[in-house]
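Hi,

Here is the structure I promised to pass on. Have a look, and my notes follow below.

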Amino acid sequence: MTTQQTDRLQPLTQKLSELGVDAMLITSEVNVRYLCGFTGDSTSLLIESAATTVLSDGRYETQLADECPSLKSVIRPPQQTLTELTAEFLKDSRLKRIGVEANEMTVATFRKLKEECEGIEWIETTGVVEVQRMIKNSDEIATTRRAVRIAEIAFESILQRLTSNRTEREVAHELEATMRSHGAEGCSFSPIVAAGVSGALPHYRASDRQLGDSPSLLIDWGAKYRGYASDLTRTLHRPHASDRFRRAYEAVLEAQAAAI
């Protein structure tokens, strides 16, 4: 087991008794990646005090051997679902109480496991791994800073090519392409590029509207890098922006500086 896996799995194994369970079934893809480093999907982790088992399918057999070489893998055949594999594996175990991520597991999966695994009590938990993820180590902080820097580079690049005939969607797509070219896995979320009054909409979706002579342009974007995300917002304005806009801008800037 790698040092990273030990550092992340060990605190959870030590918490099993506190949770009153023999094992934890981790089904959140984000939490699976955090705990064992696997970057694929459609995969669960069964964490016991003495062992951790990866439940997955044949598409990822080679990838699991590369990313999680020290963990035991159980691979489902094409005709079997992940839920069926999980039930089959657990029926042959001696586990009596298993914790599940209640905020991640679907009702259908929960019911199927209860139906198939007689004698096992399922304990609903919430935020167990998420609480552990709140405290970042130096590597996580460095990775997050890189995600921020990639986003900044993309923004600095796009500033050089902002013209009135460009559309919001074009700017959004170029932001993503530039971030990917600098190592990002993709966007943290769909970039918001909002010209003029559209900037007042919190979750505006970039359209084919040209920037034109809009007095302001809001850009809200972020890069995902090695599983960690950045989130930046910048508001640009032209000389003909209204006095009301300028006052609002200065008020927000002053509040930000005070918070920092």
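Helices (H or I, at least four residues) and strands (E, at least two) are DSSP runs, numbered from the N terminus.

This is a predicted model, where local features need pLDDT of at least 70, side-chain atom pairs count only at pLDDT 80 or more, and totals for chains, interfaces and linings use all residues. Residues are numbered from 1 along each chain as its sequence is written, and side-chain values use heavy atoms, with hydrogens and water left out.

Now the helices. α8 (residues 138-159) packs against α9 (residues 168-181) at about 130 degrees, their axes being 9 Å apart. That makes α8 oblique to α9 (under 35 degrees is roughly parallel, over 145 roughly antiparallel, 65 to 115 roughly perpendicular, and the rest oblique). In contact (heavy atoms within 4.5 Å) are residues including Ile150 and Phe155 from α8 and Val171 and Leu175 from α9.

Then there's the sheet: three strands, open, in the order β8-β9-β12, with antiparallel pairing (two strands pair if DSSP finds at least two bridges between them). β8 (192-195) and β12 (232-237) are at the edges with a single partner strand each, so one side of each has no neighbour in the sheet. β9 (residues 216-221) and β12 are joined by six bridges, and Leu218 sits opposite Thr235 in β12.

Cheers

Terms used: Axes are lines fitted to C-alpha atoms, for helices over the stretch in contact, and angles run from 0 to 180 degrees between N-to-C directions.
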